[in-house]
Amino acid sequence: MGRPRKSASNHEENITVLDVKPIRSLAPMFPAPQGFHTYSPPNNPSFVCVTPFGPPNSDSSTNPPGFTPGQFPQFPQFPQFPQFPQTPQFFQPAPGAPSSSTPTLQKSKSKTKTKIKTKSPKSKQTVLNPTPIQSHTPVSTPVEKKRRGRKRKSELLASASASTPITLPTPGPSTEKKKRGRKKKDPQSQTPKKPKLSAEITVPPLTLTSREPRESVEEVLMTFDALRRRILQLDEKNQVRNAQHLKAGSIMLNADLRVNREKKIGEIPGVLVGDMYYFRIEMCLVGLNSQIVAGIDYENVNFGEEEDRVAISIVSSGVYENTEDDVDTLVYSGQGASKKDDQKLVKGNLALQKSLERGNLVRVIRSVADYSNPPNGKIYVYDGLYKIKESWSEKSNSGFNVFKYKLFREPGQPEGISIWKKTEKWRNEPSTRGKIVLADISNGSESRPVCLVNEVDEEKGPNHFTYTTKLIYKNDVVPNPNSRSDGCDCTTVCLPGDLNCLCADKNNENPPYSAQGVLVCRKKMVYECGSKCGCSINCRNRLTQKGIQLHFEVFKTLNKGWGLRCWEPIRAGTFVCEFIGEVMEISSEKGNGEDQDDNEYLFGPVLPEKAFKWNQGPELLGENNDINNDDKFGKFDFVISAKNNGNIARFMNHSCSPNVLWQPVMHDHEDERFPHVVFFAMKHIPPLTELTFDYGKKEGANGKKCLCGSVNCRGTFG
């Protein structure tokens, strides 16, 4: 055991003479203030008796054995010891006194309802917990720890302003420790990176063009979704995965493109019951609910001469154990991590309790599953105004107490979540749909049946026509099929960013549709893959060739004849259908006996003004709008008549505030004089909402009387 023995020679060489002094002869060393040396006077005793109750006593009889009376070394500005009482007092809180004024939750051992009780604020009692004298440590000069990494900009500026100059290290071999993290690359050896999007892009700000509340809300949502789709397209091309909706929302907020900025109780101008949203940030932009994560939105509101914090809006997103079976009542669970502890009656929970006491209206947003975005996709539906009638606490499935609030829907409001419940049942069991005149008006031509419904009168159906899914070219209007050039060589599907894809090159190197099958932006022409392309039918660039993918119904309107609506929610940019009929040139229209004034099923490609706004979102990224006016979009010298032959598109009525737009698409030929006319959703469309597009108004035409009922109705169309 012990160290290995060394040789005698080595031992003699390593001999060091130590000047060892007795312990009692060593003078104590005391810490000196910063800027002075630590020393001990030569005549100072070996040990001195120092107490925390004052300076040392010169009387040797009061000093402990072995200690010599002495004085403190004379240090300039020596720090003084803090004075403590001889007998410290320890205070304890009074028995039964509450530790805080926060309202508490009464626990219940069984799963029974317990009324929520709030305690009135009381004066707080101060609890002292002084440190005992024996555990007190002398005051020492704090030593700043060195922080790893580069200095902050503020530290560099502070160093530069100091009197001591900064000396930069000279190049050479470094003896410092190796820093953590990635090594910095030489800027000259780096390859240029692709530009990334930033929320701090400085561009000319957009302004809302409409003063009407509903139009302003729709314009904000339209701009947001156009921006989000464009960011998604660029991220797919650069193979970047980001939260595009949050980035788009941040850009919108920085540009102050929002409405209803001030919180309020009750209805929100321009927001209708039944409106749907795919992201929480959309509700923030229109002022429906300002919370991006939390479910309870509250605000301080004046009630006469008193002010109280009450809930103004809640979102039932399915995170908590809510009861939503009834369409007119909602049992809402309070917020808070109930899996770890009992919920506290603070913040949103307290605001709901105050709303119960005050009886104010609360906006309720419910959520439904988004089947187009499984497994966790959600759609938020504004269900109208509710009032809280009851509250209690009970044990949750995790064993901790949670708050429960029962809300009742105010009568006399339009249908909200009830429509979603009905249509979901119809999709699963089509036979449960009442008032059906014909189960499938397409006679099996479409992939999904299109039922005919009349809930207004006894009419058995529209005038006779032949249902078809293919265009019929009249009077030698036949595009040359041989003009189709060679297609792309993609083996399975066309991918974003593939520079070798010929179809992507025709679409400005970007697929016109997202991976979810949504049109990114309106273009002068969309070029889809055709019969000579190597990709399969599953390619995203064959979207409109697959036929309709939604459940439609043709229904009888009150004053506009027959109309078209859908059982499913339709997201903005979703493919609806193609306008099918007989294609003819405008010059030969009257020669075929097709008088435009008498033909209610004639489509003329006129671009409405509102369609220009559908692309304005990318301008916030510093990009130019692809379509700025009708001349840029292009004009066509053909019409499509669906009077004798057509599909469901013939039943879409006109509206001066439409929810559907049309887009020219090419896929089976390259004769751009006669493209396919395809309809896409202009905005989010809830179930059972009539689908309409703007027929436009031709120059010199008298037009027909418009019955759309829009706030901005022009009075005539066509």
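Search the whole structure and you find three cavities of 30 Å³ or more. Here a cavity is a set of points, on a 1 Å grid over the protein atoms alone, where a 1.4 Å probe fits but cannot get out, and lining residues have an atom within 4 Å of a point. Volumes are the space filled by probe spheres set on the points, with points joined across faces, edges and corners. Before going on, note that this is a predicted model, where local features need pLDDT of at least 70, side-chain atom pairs count only at pLDDT 80 or more, and totals for chains, interfaces and linings use all residues. Numbering runs from 1 along each chain as its sequence is written, and side-chain values use heavy atoms, with hydrogens and water left out.

The largest cavity comes to about 50 Å³. Its lining includes Cys494, Cys501 and Cys503, along with Pro511 and Pro512. By class, that lining has seven nonpolar residues, two polar and no charged; Ala, Val, Leu, Ile, Met, Phe, Trp, Tyr, Cys and Pro count as nonpolar, Asp, Glu, Lys and Arg as charged, and the others, Gly among them, as polar.

Then there is the largest pocket, with about 1200 Å³ of space. A pocket is an open set of grid points with protein on both sides within 12 Å along at least five of seven lines. Two or more lining residues come from each of α3 (213–238), β1 (276–277) and α7 (417–428), and α3 gives the most, eight residues. The lining splits into 21 nonpolar, 12 polar and 13 charged residues.

Stepping back to the chain, you get nine helices and 25 strands; these are DSSP runs numbered from the N terminus, helices being H or I with at least four residues and strands E with at least two. Of its 718 residues, 43% count as buried, meaning under 20% relative accessible area, with exposed over 50% and partly exposed in between (1.4 Å probe, protein chains only). As for contacts (heavy atoms within 4.5 Å), residues 24 or more positions apart account for 68% of those with a separation of 6 or more.

Strands pair if DSSP finds at least two bridges between them; β15 and β22 (residues 676–681) have three, in the antiparallel sense. Within that pairing, Glu578 has Val678 as its bridge partner in β22.

Leu361 sits in the loop between α6 (347–358) and β5 (362–369) and counts as partly exposed because its relative accessibility is 24%. Lys387 is 26 residues away from Leu361 in sequence, yet their C-alpha atoms are 5.2 Å apart. Beyond residues up to four places away in sequence, Leu361 touches several others, including Ile265, Ala311, Tyr386 and Glu410.

Now for backbone angles. Lys347, in helix α6, has a positive phi near 50 degrees although the residue is not glycine, and at 56% relative accessibility Lys347 counts as exposed. Glu509 is another non-glycine residue with positive phi, near 65 degrees. Glu509 lies in the loop between α8 (502–506) and β12, and is partly exposed at 39% relative accessible area.
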